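Biologist: Hey, could you walk me through this one? I'd like to start with a sheet and then look at some helices.

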Amino acid sequence: MMKHRVRWILIVPVAIILASLGVGLVWRAHSVSKVSFESQLTLVDRPEGYCPTTVPILVVDAAARVIFNQIISVNDCQSINLSSVMSGANGQLTIYFKPPQALARSVVVNAAQVTRLTEAILLGDATGDNIIDQEDENFVQKHLFSTELGSLQKAADLDRDGKVTALDLSLTRLNRGVGQTRPDHKSWQEGALR
Ligand SMILES: [Ca+2]
Ligand SMILES: [Ca+2]
């Protein structure tokens, strides 16, 4: 009788330890899959009024094949859910994206490790040609202090605060540069204003 009791005293704690290890492993597997499910790209350095609803996204794999090419929605003015972008993808990927009136950018990721990405928005491309240069500065200058914004003047209101001010002008000077070209060599087509 005493022998049986001793055996149970040993078996019960071992069983409890094994069970909790098992629960831990299941929980860990669950949290890992949850993190990858929530992979997202967050656009930072965003003026308060700047609220893009969609962004074109292209993804190429390590062999430079385009595996994703769609305009996808932006949540809360800044978050892009990458679940559909990443589904079925493997290895090294390059994600290209172009927010409106900003330079197109790219980020290189490993499909297995993507969780949360943050990328700054480089605003200033009033003309929509994916270059921020004198042409954009001239365009904003031309509409400076406009408060009645028609569709043309709206493109000059880069920070989308409803007015064309010195802040919009400064963006065309601060963020000068050329955006990433699309890997399929097409234009980013966002209704360029000329
Ligand atoms: Ca431009
Ligand atoms: Ca403005």
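Predicted model: local features only at pLDDT ≥ 70, side-chain atom pairs only at ≥ 80, totals over all residues.

Biologist: In what sense do strand 1 and strand 7 pair, parallel or antiparallel?

Modeller: Parallel: strand 1 (residues 40–44) pairs that way with strand 7 over five bridges.

Biologist: What holds paired strands together in general?

Modeller: Strands of a sheet pair through backbone hydrogen bonds, in either a parallel or an antiparallel way.

Biologist: OK, zooming out. How many helices and strands does the protein have?

Modeller: Five helices and nine strands. Going from the N terminus, the order is α-β-β-β-β-α-β-β-β-β-α-α-α-β.

Biologist: And what share of the residues is buried?

Modeller: 28% of the 194 residues. On contacts, counting those with a separation of 6 or more, 61% are between residues 24 or more positions apart.

Biologist: Now helices. Which residues of helix 5 are buried?

Modeller: In helix 5 (residues 166–174), they're Asp168, Leu169, Leu171 and Thr172. Looking down the axis, these buried residues fall within an arc of 150°, so they line one face of the helix.

Biologist: Why do residues three or four places apart point the same way?

Modeller: Because an α-helix has 3.6 residues a turn.

Biologist: What's on the face of helix 5 turned away from its buried side?

Modeller: The exposed residues Ala166 and Leu174.

Biologist: So what covers the buried residues of helix 5?

Modeller: The cover includes strand 8 (131–132) and helix 3 (134–142).

Biologist: How do the axes of helix 3 and helix 5 cross?

Modeller: At roughly 175°, and they come within 9 Å. That makes helix 3 roughly antiparallel to helix 5.

Biologist: Which residues meet there?

Modeller: From helix 3 you have Asp136, Glu137, Val140 and Gln141, and they meet Asp168, Leu169, Thr172 and Arg173 in helix 5. The residues of this contact split into two nonpolar, two polar and four charged.

Terms used. Residues numbered from 1 in each chain as written. Chains lettered and ligands numbered in written order. Helix = DSSP H or I, 4+ residues; strand = E, 2+ residues; numbered from the N terminus. Buried ≥ 20, exposed ≤ 12 C-beta atoms within 10 Å, placed from the backbone. Contact = placed C-beta atoms within 7 Å. Arc of directions from axis to C-beta. Pairing = 2+ DSSP bridges. Axes fitted to C-alpha atoms, helices over the stretch in contact; angles between N-to-C directions. Parallel < 35°, antiparallel > 145°, perpendicular 65-115°, else oblique. Nonpolar A, V, L, I, M, F, W, Y, C, P; charged D, E, K, R; others polar.
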